[in-house]
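Please keep the structure in view while reading.

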Amino acid sequence: MRSRMCPPLPPTYFGNATARASVSEVVGDVISYPISNVAKMLYEATNLGDEYIRSVIDYLETTDMSLPRRDVTPSDLRVTSWLGMSMYNVDFGMGQPILCAPAFMWSSGYVYLIDNPGKDSSMFVAVSLEQESMAGFRELLFDELANCCIA
């Protein structure tokens with residue numbers, strides 16, 4: 001959110017600067033849409049500006065943050081984008097990191113999109129699903145990729 005605020009946070013700001021955004025859709029509709037429609041829904045839900053960010057800050061200032069974490073249900077899929085984060089610009093004396101990824105995924109139903117530092121146009125996708133959900137997820141993903149992206 002650093003660059004999306006107006007004025008942006010200073011380069012010397014240290015700490016997290018994130019805001020949660022979400023989009024919700026019926027599974028049957030999602031799997032019947034072309035993947036480009038799903039990508040557009042995600043883009044529109046996450047293309048947030050200063051007004052939204054300041055609204056989140058106002059809300060958080062008045063909210064009890066000790067509320068229990070809601071568990072993800074088997075039908076939920078949360079996608080977190082780490083694309084564009086400058087994690088690969090850090091050097092602690094051993095050179096550039098090879099991969100920056102979650103060390104542990106607390107529960108099922110999470111997907112992380114992570115930059116591939118070796119290639120500009122690719123990414124790593126870390127997926128945490130229950131065993132019984134993996135085959136269906138893999139089938140939907142690769143069928144859709146074959147239909148839209150692979151010649």
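## Strand S2 and its cover

Strand S2 is mostly covered, with five of its six residues buried, where buried means under 20% relative accessible area, exposed means over 50% and partly exposed lies in between (1.4 Å probe, protein chains only). The strand spans residues 110-115; strands (E, at least two residues) and helices (H or I, at least four residues) are DSSP runs numbered from the N terminus.

This is a predicted model, in which local features need pLDDT of at least 70 and side-chain atom pairs count only at pLDDT 80 or more, while totals for chains, interfaces and linings use all residues. Residues are numbered from 1 along each chain as its sequence is written, and side-chain values use heavy atoms, with hydrogens and water left out.

## The sheet

Three strands form an open sheet in the order S1-S2-S3, with mixed pairing, two strands being paired if DSSP finds at least two bridges between them. The edge strands, each pairing on one side only, are S1 (78-81) and S3 (123-128). From one strand to the next the twist averages 15°, with axes taken as lines fitted to C-alpha atoms (for helices over the stretch in contact) and angles running from 0 to 180 degrees between N-to-C directions.

S1 and S2 run parallel and are paired over four bridges, and Ser 81 stands opposite Leu 113 in S2. The pairing of S2 with S3 is antiparallel and extends over six bridges; within it, Tyr 112 has Ala 126 of S3 as its bridge partner, and Ile 114 has Phe 124 of S3.

## The nonpolar core

The largest nonpolar core has eight residues, namely Trp 82, Met 87, Tyr 88, Cys 100, Tyr 110, Tyr 112, Ile 114 and Ala 126; such a core is a set of buried Ala, Val, Leu, Ile, Met, Phe, Trp, Tyr and Cys residues joined through side-chain atoms within 4.5 Å. Its largest share, three residues, comes from S2.

A search of the whole structure finds one aromatic pair, the criterion being that rings of Phe, Tyr and Trp (its six-membered ring) have centres within 6.5 Å, with planes under 30 degrees apart counted as stacked, over 60 as edge-to-face and the rest as tilted. Trp 82 and Tyr 112 form this edge-to-face pair, at 5.1 Å centre to centre and 65° between the planes. Because Trp 82 lies in the loop between S1 and S2 whereas Tyr 112 belongs to strand S2, the pair ties together parts that are 30 residues apart in sequence. Both Trp 82 and Tyr 112 are buried.

## Two cysteines

Cys 100 is buried, with a relative accessible area of 15%. Leaving aside neighbours within four places in sequence, Cys 100 is in contact (heavy atoms within 4.5 Å) with Trp 82, Met 87, Tyr 88 and Ile 114. Cys 6, by contrast, counts as exposed at 57% relative accessibility.

If a disulfide is taken as a pair of cysteine sulfur atoms within 2.5 Å, the count comes to zero. Cys 6 is joined to Pro 7 by a cis peptide bond, with omega about 0°, and Pro 7 lies in the segment before helix H1 (27-32).

## Ser 128 in strand S3

Is Ser 128 buried or exposed? This residue, placed in strand S3, counts as buried at 12% relative accessibility. Not counting residues up to four places away in sequence, Ser 128 touches Met 105, Ser 107, Ser 108, Gly 109 and Tyr 110.
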